[in-house]
Amino acid sequence: MRNLEDQLAAYAAYHRDARNIMTHFIGIPMIVISLLALLSRPSLGDAGLPLSPAIGVVIVLAFYYLRLSVSLGLIMSLLLVCFAWFGAWAASLSTAWWLTLGLGGFVIGWLFQFVGHFWEGRKPAFMDDLAGLIIGPLFVLVEACFQAGWLRELELNIEARAGKVRNGRK
């Protein structure tokens, strides 16, 4: 398994345009939340976070992110639990609302992604490496950290490998 920096640098190489990165701040969370909502409908129990395929996905992703970085993995795990909670709530709504939130969010999220990659002039990373589908959410978190001035050494290492962000970072 490639380490955190390897995976982020490979993903970042497809995301050098600041406008594309900004579309990912909207699109990727929408996609993750909508998928968890869709996977929350078949469930056992009804307290808090019922047992569902969404919870299985959250557990697998949490372990994966924790293996890459304990600190970032903990933050991602917390975000995933919040997204799963929203997904469980969405699954408790009528079928029409559940599908509107799930499918609608999925489609709109991908529209944001493809607009960003149109600006980038490059295809999405997952088209060359399916790991990009898993690294995308972590990339958004790491980019938010970079914009807050955190993880400076990681940012410099990734920029050295992937190239500086075009059109400015901030």
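**Task.** Decide which class Ala62 falls into, buried or exposed, and say where its place is in the fold.

**Solution.** Start with the accessibility: Ala62 comes out at 12%, so it counts as buried (buried means under 20% relative accessible area, exposed over 50% and partly exposed in between, with a 1.4 Å probe and protein chains only). Before going on, some housekeeping: we're working on a predicted model, where local features need pLDDT of at least 70 and side-chain atom pairs count only at pLDDT 80 or more, while totals for chains, interfaces and linings use all residues. Residues are numbered from 1 along each chain as its sequence is written, and side-chain values use heavy atoms, with hydrogens and water left out.

Then check the neighbours: ignoring residues up to four places away in sequence, Ala62 touches Ser77 and Leu80 (contact means heavy atoms within 4.5 Å).

**Task.** Find out how much space lies in the largest pocket, and which helices supply its lining.

**Solution.** The idea first: rolling a probe the size of a water molecule over the atoms shows where empty space is left. Here a pocket is an open set of points on a 1 Å grid over the protein atoms alone, where a 1.4 Å probe fits and protein lies on both sides within 12 Å along at least five of seven lines; lining residues have an atom within 4 Å of a point. Grid points are joined across faces, edges and corners, and the volume is the space filled by probe spheres set on them.

Now the size: the largest pocket holds about 410 Å³. It has 23 lining residues, and the closest to the centre are Ile31, Val32, Leu35, Leu133 and Ile134. Then sort the lining by element: helix 2 (18-38), helix 3 (53-68), helix 5 (95-120) and helix 6 (132-147) each give at least two residues. Helix 2 has the largest share, with 6 residues.

Last, sort by class: the lining has 17 nonpolar, 6 polar and no charged residues (Ala, Val, Leu, Ile, Met, Phe, Trp, Tyr, Cys and Pro are nonpolar, Asp, Glu, Lys and Arg are charged, and the others, Gly among them, are polar).

**Task.** Count the aromatic pairs, then classify Phe86 with Trp89 and Trp110 with Phe126.

**Solution.** A pair of aromatic rings is described by the distance of the centres and the angle of the planes. Rings of Phe, Tyr and Trp (its six-membered ring) pair if their centres lie within 6.5 Å; planes under 30 degrees apart are stacked, over 60 edge-to-face, and the rest tilted.

That rule gives 6 aromatic pairs. For Phe86 and Trp89, the centres are 5.3 Å apart and the planes sit at 45°, so call the pair tilted. Both belong to helix 4 (residues 70-91), and being 3 residues apart puts about one helical turn between them. Phe86 is partly exposed at 29% relative accessible area, and Trp89 is partly exposed at 39%.

For Trp110 and Phe126, the centres are again listed at 5.3 Å, but the planes are at 70°, so this pair is edge-to-face. It links distant parts of the chain, 16 residues apart: Trp110 is in helix 5, and Phe126 is in the loop between helix 5 and helix 6. Trp110 is buried at 18% relative accessibility. Zoom out and you get one aromatic cluster made of Phe106, Trp110, Phe114 and Phe126.

**Task.** Work out which ring Arg41 lies over, and which ring Arg122 sits over.

**Solution.** The test: NZ of Lys or CZ of Arg must be within 6 Å of the ring centre and within 35 degrees of the ring normal. Arg41 is over the face of Trp98, 4.4 Å from the ring centre. Arg122 has its charged end over the ring of Tyr14, at 3.9 Å from the centre.

**Task.** Place Asp17 in the fold and list what it is in contact with.

**Solution.** Asp17 is in the loop between helix 1 (4-12) and helix 2. Its relative accessibility is 2%, so it counts as buried. Leaving out neighbours within four places in sequence, Asp17 is in contact with Trp119, Glu120, Val165, Arg166 and Asn167.

Note on methods:
Helices (H or I, at least four residues) and strands (E, at least two) are DSSP runs, numbered from the N terminus.
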